Amino acid sequence: MRARAGRTAHPPRLRPKGCLKPDDALDWADSALDAVLTRVAATRAEVGERFPLYADPHSGRWKTTARGSWTGGFWAGLLWLLARHTEAPSDREAARACTSRLADWAGADTSTRGLILWYGTVFADGGMRIRNQGARACRDAFDPELGLVPWGSAFCGPRLMARVDGVPGMVPLLATVDVEAARSHLRRHLDLCLGSQPSSWSWLHAEATGWTACADPPSGWSRGPAWLLLALAEGACLPDGDSYAELADTLTPASPVPLADTAHPGGPLDTSAAAITALALLRLGRRDRAVGVLKVLVDRHLTADGRLLDGCYDLTAGTAVRHELIWGDFFLAYALTELTGRVDGGTG
């Protein structure tokens, strides 16, 4: 029998800068967070009810989607963070409206519901109904024989897959209704992704042959270890989850901002992978290392108007390889929020 969790998630509260204890050493982080949130306000004015995906590094104009795809929750999360910063009713209403547009994803057959619904509501004071519906649907989709929630069919392709980007967010989302399922989902992906050399970030399951590693994404993909590191940080928050933190060094890249694919040493970097890593390191108690990553991101890759450049969406397809990415902005803002102490509590 699987253990059920009745834990209530309380949204974090963003503290205004005036309420903070002065810390000159973090002035750069405070200023960077303000810049990113200013960019959120400008983005909202540009995209309206659509969801930003990636922005041209020169013009700053956004490529948008109607339903948000797997990245919609990051935009909702940024809007909630802005609302907590300004405390303006109009900003809060915009965040609520964006969250409501994620409702269809609660029942969608995809393990990226973790990214969409957990991070889309992590700063929210509304939208918990959508999150709760999604959590129960994910629990119902949990396959006890495979030990995970399958990748799903929402984005076409085979349903019975395991992908590393279906782990972060899914761990805490599942844990709100079934802690044992959350543990199993994480452990299965750890076994698959780290149990092969080189690491494989995507696996296909067939009844006759079991699990087979897939070539896409490639083994050198920078967001593979970043996503798994974030999932480890989430797993460490579960009861008896201390052992997960021991794997952190295995998944932390040597460079603050990794190559998008280590197989292409002359190719682009991926600042979004670095931002994900920074948040995970903070959650795992590795503050000094996280600060080092964030300082490089802010000093070398963040523009004065709050755009985190040099993110790589999909190097193989040649899509947005040196761009501003909505999830890069989100994880940078989240990490800076934690670092500066401008958030109380939290659901993540």
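A cavity, on a 1 Å grid over the protein atoms alone, is a set of points where a 1.4 Å probe fits but cannot get out, while a pocket is an open set with protein on both sides within 12 Å along at least five of seven lines; lining residues have an atom within 4 Å of a point. Grid points are joined across faces, edges and corners, and a volume is the space filled by probe spheres set on the points. This is a predicted model, where local features need pLDDT of at least 70 and side-chain atom pairs count only at pLDDT 80 or more, while totals for chains, interfaces and linings use all residues. Residues are numbered from 1 along each chain as its sequence is written, and side-chain values use heavy atoms, with hydrogens and water left out.

**View 1. A look into the second largest cavity.** Helices (H or I, at least four residues) and strands (E, at least two) are DSSP runs, numbered from the N terminus. By class, the lining splits into six nonpolar, one polar and three charged residues. Here Ala, Val, Leu, Ile, Met, Phe, Trp, Tyr, Cys and Pro count as nonpolar, Asp, Glu, Lys and Arg as charged, and the others, Gly among them, as polar.

**View 2. The two largest pockets.** About 510 Å³ of space lies in the largest pocket. Of its 21 lining residues, Arg163, Asp165, Asp216, Tyr313 and Asp314 lie nearest the centre. Strand 4 (161-163) and helix 8 each give two or more residues to that lining, which has 13 nonpolar, two polar and six charged residues. Now for the second largest pocket, at about 310 Å³: 19 residues line this one, with Trp201, Ser219, Trp221, Pro225 and Thr262 nearest its centre. Its lining has 11 nonpolar, eight polar and no charged residues.

**View 3. Helix 10, tucked inside.** Helix 10 (residues 271-283) has 12 of its 13 residues buried, so the rest of the structure largely encloses it. Buried means under 20% relative accessible area, exposed over 50%, and partly exposed in between (1.4 Å probe, protein chains only). Among the buried ones are Thr271, Ile276 and Leu282. Their cover includes helix 8 (223-235), helix 11 (287-301), strand 7 (324-325) and helix 12 (326-340). Just past helix 10, glycine 285 takes a positive phi of about 85 degrees.

**View 4. Tyrosine 119 in the largest nonpolar core.** A nonpolar core is a set of buried Ala, Val, Leu, Ile, Met, Phe, Trp, Tyr and Cys residues joined through side-chain atoms within 4.5 Å. The largest one has 102 residues, of which Tyr119, Trp227, Leu294 and Phe331 touch the most other members. Helix 12 gives the most to this core, with 10 residues. Leaving aside neighbours within four places in sequence, tyrosine 119 is in contact (heavy atoms within 4.5 Å) with residues including Phe74, Pro168, Leu230, Phe331 and Tyr334.

**View 5. Helix 7 and what covers it.** The buried residues of helix 7 (residues 179-194) include Val179, Arg183, His185 and Leu192. Among the elements covering them are strand 4, helix 6 (170-175), strand 5 (202-206) and helix 8.

Conventions: Expected span 1.5 Å × (residues − 1).
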